[in-house]
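Me: I would like to go through this model with you. Could you take my questions one at a time?

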Amino acid sequence: MPNFRFHHLKLRNKLVFIYIVCVFVPIVLTNVMFYHVTTINIKNQKTADSEQAINELKAELGAVIEDAAGISYLYSINKQLNNHLNIVHASHDRYVESLNAISNLFNRADKEYKTISSVVIMSDNPTILASSHIIRLEDEMRNADWYHHIKNLNNTYPYLYVTSDSISVIQKLSDRRSETYEHVMKIDLNMDYISQILDLSSFKGDFYFLDPSNQARYGRLSSGQPSVLITTGQSLSLNDIPRPDKAIVISKQYRNNRYLGDWTVYGVLDEEKILYDVRQSGQFILWFAGINFLVPTIVIVLVSRSIHTRIQKILKHMKSVKGKNFERIPYHRERDEVGELAVEFNRMSERIENLINDVYETELQKKELELSQRQAQLHALHSQINPHFLFNALETIRMRSQMKGEIQTAKTIQNMAKIFRKSILWKRSFVTIREELELMESFLQIQKYRFDSKLEYHIEVDQSLLDIEIPKMTFLPFVENASIHGIENVPGIGYITIQIAQEHGQIVFLIADNGVGMDQEKIRELHHYLHEEAVMGDSIGMKNVITRLKICYGESFSFTIDSAPGGGSRIMLRLPLDKKD
């Protein structure tokens, strides 16, 4: 079935179809698959690069914090510093003298650690004078947010304190259980140095620094600006961190670190941004696919036109042959297959024309002459019989029989006259089923007169078919065979059943009898006889009907016989509802 439908396509459409299926679609699918695979590979590569960048940021940021923690450790174990903070200085001079003794400790931190912005020690020792690195621990400082985070901690490890604009390492230098005064050291990291680390990083997304409770304390956007959602004293929860529709999240947590433990470096990437170049290349794929489709299609149309138009011309001339128009196809010495086909068609047309002129017309004239002779003989035969004389004679016999009380004989003669009149007066090739039924009933009445009570018949007709036209005397020969050949030799009562109905757009004529029937060999002989081109014999009526139906309907009618010896016969005839010319 698909092949049959494919044959309906024009040659040009077939060429375009072949190109689309065999060239264009594979190219588009290949490009789409390549684009998809490339997108996935680039995404994976960008993700891996970003993850590596986050790892580097984590390491560099951790190193800076480690430097600050190292300083806090050195200060916490320095005995001179501890002594300076805890003794009661008798005078200002003694304080300055003690401060100069430990000044190298602060100078070293200022010179060697560029990652440190400031180192400040706060003490509530009343004899301490404020300087650049040691100041008094005032109530204002105790009310600060960073102090609340460390007031309940011991002095063993430093505490990391992060805000939106600063990162500090804070450590207690005193133990209130054994020391009189409280000392707190606060080391602020160099935020310019932190910003430089982020600027030089290959990570191109938003960066956040999360504390152990997953609160973002520090944030920097991909544009280089700080996150406006994180301010002094206000953090941002993990779930509230802005993420694009297609986000790539990279999270790296510090492990096994006493003061950085559970802090997390958190990065957010926009997939659309990192794949922007790849998305742009997708538009080029569409453009290339359109060009790949349009240009070859135009070429196919131009090339196929030379084939298509010439084939159409050949087809036009082939159709004109039916009207005995043998005009030659103009030939311009084309060397392809279509040109050769045109040459062969011209040669065939010439031979057919010559054959028709030399043979067919001669035979036609001969057939017309024979037909004229037969018609003349038929007219001569008809002229020898005066139908009016026969009608008048039969009518006289009928009236005499009726006068003598022979009603059945008179009815039979009337039926004979009716059959004879219709056979003479029917000039048409087609009659209605109603007219055919009248003729059949007249014939059956004659046969009933002949066989007396030995013959019974029953007729059923679909009333909607009465005005349908069929070839004249189509059913009567079958009724004749059923009554004469089927019922005549039956010892008992002979039954003939006739049904005329419609089924599946066909007229169905069914006649059945309980006559002597036929064996299968006889049925095969009858079929062979009805379909052979031989002289008509005993079954001239049936053969005449089959021959006329072939002429009228071609192969659109069917004829079946079912019979068995002693079991009667059943004949079914199927005719199309449409009248044929």
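Predicted model: local features only at pLDDT ≥ 70, side-chain atom pairs only at ≥ 80, totals over all residues.

Me: How many helices and strands does the chain have?
Reply: The secondary structure amounts to 17 helices and 17 strands. The chain has 581 residues, of which 36% are buried.

Me: And what share of the contacts joins residues 24 or more positions apart?
Reply: Among contacts with a separation of 6 or more, such residues account for 63%.

Me: Take Leu81. Which residues is it in contact with, leaving aside neighbours within four places in sequence?
Reply: Leu81 is then in contact with Tyr75, Ile102, Leu105, Phe106, Ile121 and Ile134.

Me: Changing topic, which residues does the "transmembrane region" annotation cover?
Reply: The unreviewed UniProt entry places that annotation on residues 15-37 and 284-303.

Me: What is the secondary structure of those spans in the model?
Reply: Residues 15-37 are 100% helix and 0% strand, with end C-alpha atoms 32 Å apart. Residues 284-303 are likewise 100% helix and 0% strand, and their end C-alpha atoms lie 28 Å apart.

Me: Which residues form the nonpolar patch on the surface?
Reply: The patch consists of Phe284, Phe288, Ile291, Phe293, Leu294, Val295, Ile298, Val299, Leu302 and Val303, with about 940 Å² of accessible area together. Leu302 is located in helix H10, residues 276-320.

Me: Why does Leu302 count as exposed?
Reply: Leu302 counts as exposed because its relative accessible area is 54%, and the cut-off is over 50%.

Me: Now electrostatics. How many salt bridges are there?
Reply: The count is 14. One of them joins the side chains of Glu271 and Lys43, at 3.2 Å from N to O. This pair links distant parts of the chain, with Glu271 in helix H9 (residues 271-274) and Lys43 in helix H2, 228 residues apart.

Me: Are those two partners buried or exposed?
Reply: Glu271 is buried, at 11% relative accessible area, whereas Lys43 is partly exposed, at 29%.

Me: And which residue does Glu503 meet in a salt bridge?
Reply: Glu503 meets Arg574, at 2.6 Å from N to O. Glu503 belongs to strand S14 (residues 494-503) and Arg574 to strand S17 (residues 569-576), 71 residues apart. Glu503 is partly exposed at 35% relative accessibility, while Arg574 is buried at 19%.

Me: What is the N to O distance for Arg570 and Asp562?
Reply: Their salt bridge has an N to O distance of 3.7 Å. Arg570 is partly exposed, with a relative accessible area of 35%, and Asp562 is also partly exposed, with 43%.

Me: Finally, which residues are linked in a network of salt bridges?
Reply: Asp124, Asp139, Arg142 and Glu182 are linked in such a network.

Key: Residues numbered from 1 in each chain as written. Heavy atoms only, no water. Contact = heavy atoms within 4.5 Å. UniProt positions renumbered as here; feature names shortened; annotations may be inferred. Helix = DSSP H or I, 4+ residues; strand = E, 2+ residues; numbered from the N terminus. Patch = residues over 30% accessible without salt bridge, like charges linked within 9 Å, V, L, I, M, F, W, Y side chains within 5 Å. Areas by Shrake-Rupley, 256 points an atom, 1.4 Å probe, with all protein chains shown as cover. Salt bridge = Lys/Arg side-chain N within 4 Å of Asp/Glu carboxyl O. Buried < 20%, exposed > 50% of the residue type's maximum accessible area, 1.4 Å probe, protein only.
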